[in-house]
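I set out below what I looked up in this structure, entry by entry.

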Amino acid sequence: MKTKTLLLLSVLAFAACQKDELNQIEEKESPKYAILYNGNSPYLDWYYTNKEAFVTYFLKDYPNNPKGGLREKVTRAEDHTISVNKNVNIRIHDEYKFSEEDNTTFLYLTRTADINGTKSVQYIDQFNIPSASPIEIIRPQVDNCNPIPMCYYDNFEIEWNGDKTNHNGVVIIAEWNGCTMHKPAEPTSWANIDIVKDSGLATLNTALFDKMPDKALVNLWLIRGNLLTFGDQDGTFIKHIQELSPGGIMESLSQQPKQLLDLQPFMLGSAAVSTFSFFLIRDLEK
């Protein structure tokens with residue numbers, strides 16, 4: 001069990017509890033997580049990397065905003081300095097913007113490198129990735145007439161619009177923030193994470209609801225995404241230029257400014273996220 005969460009797009013900023021319940025909790029425990037999936041996945045590769053990342057995601061929140069809307073998430077894009085060797089420091093600055101056109105996500109990136117504060121090199125380019133298809137929740141039915149369905153934990157089937165072209169699968173997150181149907185909220189948070197095929201139908205692993213009591217108010221998240229890395233991924237480029245003189249490094253980057261991508265690789269992603277809340281039923285007799 002891994003205790004880091006796969007909250008891939010940092011979209012879990014929404015609390016399941018009502019505001020008045022949250023105000024009763026003076027001090028909440030740090031959230032805890034378990035990743036159930038133990039295979040290889042580009043989602044896990046993405047999560048455990050420390051690379052700069054640019055992501056757009058289409059979020060549908062049932063029943064509040066079933067039409068959804070496009071959002072952006074950028075991490076580790078602040079300026080920072082790379083010490084190539086004891087004689088050369090390179091400060092990287094990125095300016096960027098996103099565009100969505102014809103089911104494609106575009107990133108327009110301008111990267112500037114200041115070398116020892118005396119010389120600047122700039123590289124401008126655009127990058128693209130297929131946009132992830134929005135996820136539509138078909139079952140359980142969640143709408144204004146049934147905003148928080150009651151769902152039995154065993155043989156819990158969920159249905160969505162599957163995407164046969166998505167070989168990465170769908171991340172499923174069950175998140176409990178301490179709220180239940182009748183009792184006061186508890187100062188705790190827990191999430192279980194799994195990955196399933198993007199077939200459009202899945203019977204959820206009951207372990208997704210471990211540590212969640214009967215009648216818990218659970219948030220369920222479905223995420224599908226496309227991920228690409230641009231630039232050197234194994235550090236070969238840095239090792240190469242470390243052997244050059246300061247003048248040699250400046251000349252190499254000036255003649256081939258695209259090497260700035262190898263100096264600081266980044267990840268580009270497009271994702272679709274859908275979420276709804278339900279009451280978890282464990283005991284049918286109560």
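The entries that follow record each look-up in turn.

**Basis of the entries**

I worked from a predicted model, in which local features need pLDDT of at least 70, side-chain atom pairs count only at pLDDT 80 or more, and totals for chains, interfaces and linings use all residues. Residues are numbered from 1 along each chain as its sequence is written, and side-chain values use heavy atoms, with hydrogens and water left out.

**Salt bridges**

I applied the criterion of a side-chain nitrogen of Lys or Arg within 4 Å of a carboxyl oxygen of Asp or Glu. The structure holds six salt bridges by this rule.

For the strands and helices I used DSSP runs numbered from the N terminus: helices are H or I with at least four residues, and strands are E with at least two.I then checked burial, taking buried as under 20% relative accessible area, exposed as over 50% and partly exposed as in between (1.4 Å probe, protein chains only). Both R111 and E52 are buried. I also noted that E52, D94 and R111 are linked in a network of salt bridges.

Next I took E159 and R139, whose side chains meet in a salt bridge at 3.2 Å, N to O. This pair too links distant parts of the chain, with E159 in strand β10 (residues 157-160) and R139 in strand β8 (residues 137-139), 20 residues apart. E159 counts as partly exposed because its relative accessibility is 27%. R139 is likewise partly exposed, with a relative accessible area of 33%.

I then turned to D198 and R224, whose side chains form a salt bridge of 2.7 Å, N to O. D198 lies in the loop between β12 (190-196) and β13 (201-203) and R224 in strand β14 (residues 216-230), so the pair ties together parts that are 26 residues apart in sequence. Both D198 and R224 are buried.

**Surface charge and D102**

Which residues gather in a patch of negative charge on the surface? I found E72, E100, E101 and D102 there. A patch is made of residues with over 30% relative accessible area and no salt bridge, like charges being joined within 9 Å and nonpolar side chains (Val, Leu, Ile, Met, Phe, Trp, Tyr) within 5 Å. Accessible areas come from the Shrake-Rupley method with a 1.4 Å probe, and for residues only the protein chains shown count as cover. Lys and Arg count as positive and Asp and Glu as negative, while His and the chain ends are not counted. The place of a charge is taken as NZ of Lys, CZ of Arg, CG of Asp or CD of Glu.

D102 counts as exposed because its relative accessibility is 75%. The backbone of D102 has a positive phi of about 50°, although D102 is not a glycine.

**Other backbone features**

K215 is a residue other than glycine with a positive phi, near 65°. I located K215 in the loop between β13 and β14. K215 counts as buried because its relative accessibility is 17%.

I also looked up cis peptide bonds. The bond from Y62 to P63 is cis, with omega near -5°, and P63 lies in the loop between β2 and β3 (65-75). A cis peptide bond also joins R139 and P140, where omega is about 5°. P140 has its place in the loop between β8 and β9 (150-152).

**Cysteines**

How many disulfides does the rule give? The count comes to zero, a disulfide being a pair of cysteine sulfur atoms within 2.5 Å. C145 is exposed, with a relative accessible area of 78%, whereas C151 is buried, at 6%.

**Residues apart in sequence**

I found L244 in the loop between α3 (236-242) and α4 (246-255). L244 counts as partly exposed because its relative accessibility is 29%. L244 and N85 are 159 residues apart in sequence, and their C-alpha atoms are 9.3 Å apart in space.

N161 has its place in the loop between β10 and β11 (170-180). N161 counts as partly exposed, at 23% relative accessibility. I recorded 8.5 Å between the C-alpha atoms of N161 and D198, which are 37 residues apart along the chain.
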